[in-house]
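Reader: Please take one part and go through it closely. I would like to look at the place where one chain meets the other.

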Amino acid sequence: MFWYIIQRELFEQLSSLRFVLATLLIVFLMVVNAIGHIEEYKTQQTEYRRQVSASSERLQGNSNNLYTLVVRGPGGLNKHPSKLAFCAHGSENHLPTSVLGWSAGWGRDSNIEDSIYKISGLWRLMYNVSPPITARNIFPTFLKIDWTLIISIVLSFAALVFAFDAISGELGHGTLRLTLSNSIARGTLLAGKFLSILISLGVAFLTGVLINLLLLHLSGTLQLDGQEWSRVGGIFVVGLTYLSIFIVLGLFVSSRVNRSTTSLVILLLLWVIWVILIPATLGTILSGLNQPPTIRDYSAKHSAQHKEITERYEARGLYNKAPTRLRPPTPATLLWAKYLNEERQASNRLTKEHLNAQINQIQIAREFNRISPTAIAQYAIESLAGTGFQRHLDFLKKAERYADVFNDFLITADRADPDSPHVPFVREGMSDKPVPFDSIPKFQDRVRLGNAFKGAMLDVMLLVLFFVVLFAMAHVSFQRKEI
Amino acid sequence: MLWTLIKHEILTNLITFRFFIAVIACVSLVLSVTLVLTDNYERRLASYNEALQVHHEKNFSARTYSYFSPQLDRPPNPLSLFNQGLDKRAANSILLRRDKVPSLWDDNYRSAGFDNPFRHLLASIDIVSIFQILLSLLALVFAYDAIAGEREDGTLRLILANPVGRGLLVFAKYLGTMICLILPLLISFLLALLLQLQSPAINYSTADFLRIGGILLTTIVYVSTFYLIGLLISCISHRTATSLITSMFIWVVLVFIHPNVSLFMVNHFIETEEKIEQANREVAQIAERFQREKGKLRDPFEWPFLLKGQWWGSATRKDVTHIEVDSELEIPTVKAYYETLEPKRIDTADTAWQVRKQAYSETFVRKSITARNALRFSPTGLYYLTTAAFAGTDRTGIENFFKSTRRYQQTILNYFYDKKAFGSRQWFASDKGTVRWDDMPRFSYEPLSDLQDAGSRAFGELLQLFFLNLVLFIMTFVIFNRQEV
């Protein structure tokens, strides 16, 4: 019986005008997406490769002396562009593409015992602090054509258009009574209607997806490995879950109202507010309450701290004696090493604090935006596609871990030199021999499957929760409806 | 008779659920967004005022002529609350140098006052974009059953049995519903304006109020366009359900799909990178030529130094604070060096600017013009373009600031030429007294604020929107007249 209902409903849906319109729209957008991505993918990859080779060249140039590496650092750490950017662009063009492992930006010539002692700060990680200027694109595309757009706007919209008259329409025609006069439970009917809409829209979506993948494959830009394919699968499933939410929302409203046009009007207004306006306003409004400190404040604080540390060490006699290569190390060498290390640590702490405040502002906005399933689906898809904010945070974490690895390597390389006094990180306390370029650990960035699924987990669970609650509401309201 | 019909339309619409929703949704969204935007504007203005003060002091604390390199700031535009356009995305602080002509398209300037690099991840929405989405939807929701619904209920026949012309009926329906649609628009628009005026940071001039009036007028025409689209569909369709579904698909296409797809296409199919890179190479060659010419001259500040003493500075700026007596003889040589070098540096910047200007007009300007033309094909795009022109946040409005920085750069150079500053001692030395900047003209930027100017930019698009209205109305009228009821 259940199968019979689905069959009937499916047949009706597939032969309707709205199915044709929805499929055409999805396929058209998928084709546009593929065409755009082919171009973008090539520039992205070349740009990434160019940056990586530039960083590597710079590193090689600095490896002729261990201490040069201590001062200048590993250079730019580049973010690997995701191959699945066609699924979710994740505002990647507005996010920094690299973190700099660069010289500290301060150096001093101090007069110690009648000779000039040159010292410069140790290398550290530097983050982009101000947003890029984007005036070159005069008109902002506030939506970019990708799978996220197709899923979050077109599919959800189509779901409402498919579901709005599922119950109220049949009620109006009187066919609902007829159907229920057979031995069919109301729950079964509801489930049948839900599944038939899910299947018909799923078919439209799948058609678009297949055409999109086919175009990308033919152009040679789609070279995915197993784990990337499973991520694409994950995105498809997230899309279907999101779609289901809107179908049951449509069924719920349709069972509450007696006229189908009223049902669609209510649904449309709900849709505009829930899908378009809440993600665009709520987070922005509430994150305005939590402004990060300005760059001016940050740099003022930074230089005050630098001054404070330097003065503290000056009082302990920093400028009385220069460090030497003597073994065992003299107190002056140890003091200088301590000074340099503390200065870097404090500076890193402050930079991190500032970065965290900036991240925090965005996180708050994202938390509040999760009131809308559209934002949730977007975040889940971005996590799976390896783009967007969550991915950027992963990248930043990786860069930090790499900074530790690089510093550990510097210490190990210094240990290997028997002529060195082994006092990191002051010049006289460390080896001044060249370092074999191949032994330097390189920064390698990749999206991991585990991370991607872990990042999407919470969001997928939230989506399922939305679905369950709405389905229960639709079920109860249909059960209690008088027909 | 007309009045009776209009009254009937207004009354039936006013008591509906959809009207209630329309008012609530419009007012609450517009007000909350205005609140945030006003706060944001206050913050930007404070940051601008602070920067202005700091920079003014710094700009005129230069001790020698060569040290004069002013930092110029662009004030935020209060009308960006309505349509933010480029206002937040273009550079708002420019360091003017002798060797580079500033332009909107350079990407190495700062955008001070926004201190979060992830800021672009938060959608920033303005009042126009809310109207753009919400009001168009409401207009269609009010229109879908206007004719199809009455036909279905049989009331259409009833009305037409009276001595009422069909044209009169359509016209009455149009006027009546438009009044109902304009009500939530007016309420939210006025409340938003009132809220903005509460802020001490916002002081609108008469010209500003006229431009805001222009935005309001455009919004009304925009709503009317969508209402007429809905009416036309309602007229053609036989069933309200069909009318509603068709309207909705057309709405999604006009409001979301068309603007985004066309901008996406324009971005992808107009090549910029290559041309800009080529221009950069050419500029580098020009700079190299200058360096070669500079190499032929004897740089007094290169080893072995011509002057003995103490000085500060970099390649383009020098401040000699002390000269030993036996070096005094060399001063004329140094003067002559700068007198030949600096005009050459300025010419080089000019030549490079010609190349850059050409490249920009072939890439970014062309792209923006193409995108503009593509946007003109939908009422949503037209609405965006018109309101941006009224608000002064379109390309011309923002570029005006860069034009005035270029003018100011020219003023400074003329001032230097007039004063024969390049050949003076104070160009590079302050030991015999620092430069007095009393008669140096100050930079002042007046945004394009007069209505005529904004109106002339908005005129074409507004006219197009009006024309679209007219065509839609005539089509509805003709089709309705020839239809069987």
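Author: Two residues are in contact if their C-beta atoms, placed from the backbone, lie within 7 Å. By that rule, 55 residues of chain B are in contact with 54 residues of chain A. Helix 2 (17–59), helix 3 (127–143), helix 8 (240–269) and helix 11 (364–375) of chain B each supply at least two residues of the side that touches chain A; helices here are DSSP runs of H or I with at least four residues, strands are runs of E with at least two, and both are numbered from the N terminus. Helix 8 gives the most to this side of chain B, with 14 residues. By type, the residues on the side of chain B that touches chain A divide into 35 nonpolar, eleven polar and nine charged. Ala, Val, Leu, Ile, Met, Phe, Trp, Tyr, Cys and Pro count as nonpolar, Asp, Glu, Lys and Arg as charged, and the others, Gly among them, as polar.

The model is predicted: local features need pLDDT of at least 70 and side-chain atom pairs count only at pLDDT 80 or more, while totals for chains, interfaces and linings use all residues. Residues are numbered from 1 along each chain as its sequence is written, and chains are lettered from A and ligands numbered from 1 in the order in which they are written.

As for the chain behind this side, chain B has 14 helices and four strands. Its radius of gyration, taken over C-alpha atoms, is 30 Å, well over the 23 Å that the globule rule (2.2 Å times the number of residues to the power 0.38) gives for 485 residues, so chain B is more spread out than a compact globule. The C-alpha trace of chain B spans about 110 × 45 × 35 Å along its principal axes.
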